[in-house]
Amino acid sequence: MLAPAIDNEFVREVHAGLSGFGQKTLPCRYFYDAVGSALFEAITHLAEYGLTRADARILEAHAAEITGSIPGPLAVAELGSGSGIKTRAVLESLHSRPGLTYFPIDVSATALAQCARELESLAPVVPIENSYLEGMREVASRRRAGEKLLLLFLGSTIGNFEPDAAVEFLCALRSAMCPGDGLLLGTDLVKPVDRLLAAYDDAAGVTAAFNLNLLARINRELAGNFNLRHFHHEARYQAEAQRIEMHLRLRDRQTVQVGKAALTVEFAAGETILTEVCHKFRREQIAGMAGSAGFHLEGQWVDEEWGFAESLLRV
């Protein structure tokens, strides 16, 4: 049983994910400490991983069209902003809007600091170091009367949610938004399996290092003693669920202690920890998901080179 004195979300989620029966799990949002954020930035430049470049191509080509559909005073907020590089095109398209403010929301202080440096010349930047929903509530509390909101949720992060949870999450965003607000939602599309697997298991091993860093972070921050040499990265595609799964597979038996979670875990040889799911979408599924959450699909832009969509959902 978790010691009552420990009141830390990271600790609680590690304890819950590793202590139960069946498939052990760790939440993918804890990938992004300073090391993980740097590794993910490297992943976005890999030849095998075209998602980020596709996202950027759409924004560079269509930012003016996207932002032009929401007239009047506007604030821009972004969930999981990272360094904010892709957002530059959006803010540049709004340079003539009076009173523009940009609210990047991220759990990584390092990423937020870089984001502010990258974009402060284009608009006042108000970094919010928080979870998605808490950060969104803070943005809602700060918006000015008569101001519309364009919320960015780029990079297909919505694919990390199970389908029902994705709709539930979009409903929660919708409840913090006002009529006329817009949500620009990035979604990676279904594509050939070999292309997907290569994107999540690159030849240089950067994605493997990114995945293993989650265990290293537990060692650093929670007094864990994972032997990383005994784990290897594994990417799988589940066709029926239209999703990539990232696992860490144990080569040999290992007993692991996580001191700050008062936890001891016995791992069997060949056992895996599921660290991330990445659902892929068909275009018609995006409209259905949006409608179930109370949005209507106003526009959609697709990068055919990679197979990626940006969809503008309106309240």
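1. Some ground rules before going on. This is a predicted model, in which local features need pLDDT of at least 70 and side-chain atom pairs count only at pLDDT 80 or more, while totals for chains, interfaces and linings use all residues. Residues are numbered from 1 along each chain as its sequence is written, and side-chain values use heavy atoms, with hydrogens and water left out.

2. On to the aromatics. Rings of Phe, Tyr and Trp (its six-membered ring) are paired if their centres lie within 6.5 Å; planes under 30 degrees apart are called stacked, over 60 edge-to-face, and the rest tilted. That gives 15 aromatic pairs. Take F40 and F210: their ring centres are 5.8 Å apart and the planes meet at 40°, so this pair is tilted. F40 belongs to helix 2 (residues 34–43) and F210 to helix 9 (residues 206–222), so the pair ties together parts that are 170 residues apart in sequence. Helices (H or I, at least four residues) and strands (E, at least two) are DSSP runs, numbered from the N terminus.

3. F40 is partly exposed at 25%, whereas F210 is buried at 3%. By way of another pair, F161 and F169 are stacked, 4.7 Å centre to centre with 25° between the planes. Here F161 is partly exposed at 22% and F169 is buried at 7%.

4. Back to F40 and F210: both belong to one aromatic cluster, together with F31, Y32, Y49 and Y200.

5. Which residues does N213 touch, leaving aside neighbours within four places in sequence? With contact taken as heavy atoms within 4.5 Å, the partners are F31, D33, V35, G36, L39 and R220. Two of these also make side-chain polar contacts with the side chain of N213: D33 at 3.0 Å and R220 at 3.1 Å. A polar contact is a pair of N or O atoms within 3.5 Å; within protein, one must be able to donate a hydrogen and the other to accept it, and residues adjacent in sequence count only if both atoms are side-chain atoms. By contrast, S175 is 38 residues from N213 along the chain, and their C-alpha atoms are separated by 35 Å.

6. Now the cysteines. No disulfides turn up anywhere in the structure, with the cut-off set at a pair of cysteine sulfur atoms within 2.5 Å. C115 is buried at 0% relative accessible area, and C278 is buried at 6%.

7. Last, a hairpin. Strand 12 (residues 296–303) and strand 13 (residues 308–314) pair in the antiparallel sense over seven bridges; pairing requires at least two DSSP bridges between the strands. L297 stands opposite L313 in strand 13. Four residues lie between the strands, and G307 takes a positive phi near 95° in this hairpin.

Conventions
Buried < 20%, exposed > 50% of the residue type's maximum accessible area, 1.4 Å probe, protein only.
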